[in-house]
Amino acid sequence: MIHPAAWFAWLAAAVLAASSTRNPLYLVVLLLIFVMVVEAARRPEVSTPLPITPERFMSFVVPAAAVFNAITTHYGDTVLFSLPKIIPFFGGAVTVEALVYGAVNGLLLSALFAAFTVLNLAVTVRDMIRFIPRAFYPVAVVISIAVTFVPTTLRQIQQIREAQAVRGHRMRTLQDWLPLFMPLLVGGMERALQLAEAMTARGFASEEGATSSDWGAQAGTVVGLLLVLAGGLLRMAWGEDLWGAAAMAAGALVIGVVIWKMGRRVTYTTYRHTPWTSQNSTVLGGVAVTLLFFLFLSDRLVRYYT
């Protein structure tokens with residue numbers, strides 16, 4: 001079993017690899033790899049099919065992105081036809097170059113969608129929430145509730161439809177949805193009230209008041225954000241790449257230390273540890289090779305062969 005941290009590293013490499021190129025060959029190869037990993041990452045205990053598969057997403061997004069870019073970006077020498085100038089935003093020449101560039105952007109979006117689909121299939125919601133910093137544990141709990149709310153609501157809709165169908169209810173007009181909507185609304189409110197009472201009884205996110213460490217954490221966060229902003233201004237406005245990068249790194253370090261110290265105040269219990277195996281190390285090795293190729297070697301190979 002692959003560790004969730006290895007999957008997150010794989011996702012980072014996949015996103016960086018897809019985002020660092022506009023070469024259609026690279027994007028098609030990456031998309032095929034991601035689709036194969038999607039098929040391999042399907043868990044046997046998950047019987048519900050994907051609502052949108054990467055293939056369906058690509059079949060819609062690639063043509064839509066190509067057409068949208070062609071009618072909104074009027075650049076290129078090979079003109080297919082021209083729309084009247086009187087049409088705002090869309091008027092102008094429709095070129096082959098704009099059409100192809102839009103299709104390439106659609107391939108990029110499809111590759112990113114397939115990569116995140118892999119993470120959704122391979123890593124459970126519980127494991128995803130575990131990687132949220134402990135300083136933000138209330139946010140992690142709220143996210144887990146929000147994520148589990150959707151399938152619960154879908155199951156309730158199915159149960160209500162089956163119960164109404166047994167009573168002879170048929171869906172013909174918009175008014176026929178009212179017998180489904182009202183029980184769904186009442187059931188959702190009841191679940192929300194029960195959950196709120198349970199969380200209140202357990203003292204969720206209860207605080208005794210601001211302490212000196214809270215004020216120190218807030219001050220450190222402000223200092224870190226100011227350093228990041230100053231570093232960005234040094235790089236973009238004054239061209240000081242070295243000093244700007246140093247300021248941004250220092251700001252990120254300050255924010256990371258603040259989050260780490262705040263997380264140490266939160267009680268954290270792990271009931272089941274996921275072991276780190278040699279398979280996970282192999283995944284990290286592949287991630288390192290991928291990052292090395294797309295960051296340093298891909299452009300050189302393209303220039304060499306062209």
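# Briefing: nonpolar core, aromatic pairs and helices

The largest nonpolar core of this predicted model comprises 35 residues, and W7, W10 and F34 have the most contacts inside it. A nonpolar core is a set of buried Ala, Val, Leu, Ile, Met, Phe, Trp, Tyr and Cys residues joined through side-chain atoms within 4.5 Å. At least two residues of this core come from each of α1, α2 (24–41), α4 and α10 (278–305). The largest share, eleven residues, is supplied by α4.

Residues are numbered from 1 along each chain as its sequence is written. Because the model is predicted, local features need pLDDT of at least 70 and side-chain atom pairs count only at pLDDT 80 or more, while totals for chains, interfaces and linings use all residues; side-chain values use heavy atoms, with hydrogens and water left out.

**Overall architecture**

- The protein has ten helices and two strands; these are DSSP runs numbered from the N terminus, helices being H or I of at least four residues and strands E of at least two.
- Along the sequence, the elements follow the pattern α-α-α-β-β-α-α-α-α-α-α-α.
- Of the 306 residues, 28% count as buried, where buried means under 20% relative accessible area, exposed over 50% and partly exposed in between (1.4 Å probe, protein chains only).
- The protein exposes about 20,700 Å², of which carbon and sulfur atoms supply 69%; accessible areas come from the Shrake-Rupley method with a 1.4 Å probe, and for residues only the protein chains shown count as cover.
- Among contacts (heavy atoms within 4.5 Å) with a separation of 6 or more, 66% join residues 24 or more positions apart.

**Aromatic pairs**

- Rings of Phe, Tyr and Trp (its six-membered ring) pair if their centres lie within 6.5 Å; planes under 30 degrees apart count as stacked, over 60 as edge-to-face and the rest as tilted.
- By this rule there are three aromatic pairs.
- The ring centres of W7 and W10 are 5.9 Å apart with planes at 80°, so this pair is edge-to-face.
- W7 and W10 lie about one helical turn apart, because they are three residues apart in helix α1 (residues 4–19).
- Both W7 and W10 are buried.
- F57 and F113 form a stacked pair, because their ring centres are 4.2 Å apart and their planes are at 10°.
- This pair links distant parts of the chain, with F57 in helix α3 (residues 54–72) and F113 in helix α4 (residues 96–122), 56 residues apart.
- F113 has 25% relative accessibility and therefore counts as partly exposed.
- W7, W10 and F34 are linked into a cluster by ring pairs.
- Leaving aside neighbours within four places in sequence, F34 contacts W10, A14, A111, A114, A115 and V118.

**Helix α4**

- Helix α4 has 27 residues and reaches 39 Å from its first C-alpha to its last, close to the 39 Å expected at 1.5 Å a residue; the expected span is 1.5 Å times one less than the number of residues.
- T95 caps the N-terminal end of α4, with a side-chain oxygen 3.2 Å from the backbone nitrogen of A98.

- Q156, in helix α6 (residues 137–166), has 13% relative accessibility and so counts as buried.
- The side chains of Q156 and R191 make a polar contact (2.4 Å); such a contact is a pair of N or O atoms within 3.5 Å, and within protein one must be able to donate a hydrogen and the other to accept it, residues adjacent in sequence counting only if both atoms are side-chain atoms.
- Leaving aside neighbours within four places in sequence, Q156 contacts P183, L184, G187, G188 and R191.
- The buried residues of α7 are L180, G187, G188 and M199.
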